[in-house]
Amino acid sequence: MADPISAQLANISQAVAKQGFEVQFNNLQNSLIKRFNNEVDKIEGSTAVKHKIDALQKESAKLASSLPVLEQYRVNNQNNYSQLDKILSDLTDLRDIIDNDNTVTADEVTEFTALRDKIAERVNNLYIFVHPDVNDGNVIPRFKDALADFEALTPVVGTLDGDNAELTDSLDAFINEATVAATVTSNTISTTLDLEGKVQKEFSNADTELLSLTLEESERRKQEIDDLKVDLGNTLRAISLSFEINSELATQLNSQLTAPVPEPGSVLNLFS
């Protein structure tokens, strides 16, 4: 016959054990969740790929910011080239004023002086632009340095090859300076355009690599965190299942310690 006192003690022990487990399980659960959060922080703060992503982001930003500067530099040089083209055309006309024969007349002197001043104004209005990645040999400053001598060119009435011989030599020298300035400026425009294309390609490559790397890193981190979630869930379920099994075994053992109670009216009540 089962001992009632033993059964009661077993029930009390089981109840205390259940309460104790719930406390321990809660503490363990909090500890595991804290560890999980720490692992997530480590994954989020992983520097394995972060440094490369940061470097690509900086490179991409630098390339993107350099494009408008290059474009503006090219447009500015195109404006200068347009002025230089007009200057060269006017210089040809200026040379023709006194070059149609060997005699320089008063009307030609007046016409020459007026066109000379117009050309000088155009040269004076040329802008000087600088870019650290493009070397134009300071061609515009050098051309403008010759402006003072050009403005001093004034023909005199007389012969071209005698009275104005020095003037024609100086004019030809200035025309050469203008030709060099136009040629170099044209080359600068082409060089800048090529550089823009190169920067655009580098930006596209960096941006593509950054996007790919960012997506891969995001997927990797997500997978690691998902794996941690699965591990945490499995651990908590295993602990809970283990307690439930032990609790069920304890319940079955306790039932064997408890004396069976006959139903009312049963003949067994006569022996109780």
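Let's start with Asp90. At 10% relative accessibility, Asp90 counts as buried. Buried means under 20% relative accessible area, exposed over 50%, partly exposed in between, with a 1.4 Å probe and protein chains only.

A word on the source. This is a predicted model, where local features need pLDDT of at least 70, side-chain atom pairs count only at pLDDT 80 or more, and totals for chains, interfaces and linings use all residues. Residues are numbered from 1 along each chain as its sequence is written, and side-chain values use heavy atoms, with hydrogens and water left out.

Back to Asp90. Its salt-bridge partner is Arg122, with the closest N and O atoms 3.5 Å apart. A salt bridge here is a side-chain nitrogen of Lys or Arg within 4 Å of a carboxyl oxygen of Asp or Glu. Arg122 sits in helix H3 and Asp90 in helix H2, 32 residues apart. Helices are DSSP runs of H or I, at least four residues, numbered from the N terminus. Arg122 is partly exposed, at 21%. The count by this rule is 5 salt bridges.

Next, Arg95. Which residues join Arg95 in one network? Asp99 and Asp172, through salt bridges that share partners. The Arg95 to Asp172 contact is 2.8 Å, N to O. Arg95 lies in helix H2 and Asp172 in helix H6, residues 165–257, so this pair ties together parts 77 residues apart in sequence. The Asp99 to Arg95 contact is 3.3 Å between the closest N and O atoms. Both lie in helix H2, 4 residues apart, about one turn of the helix.

Now accessibility. Arg95 is buried at 17%. Asp99 is partly exposed at 38%, and Asp172 is partly exposed at 29%.

Key
Helices (H or I, at least four residues) and strands (E, at least two) are DSSP runs, numbered from the N terminus.
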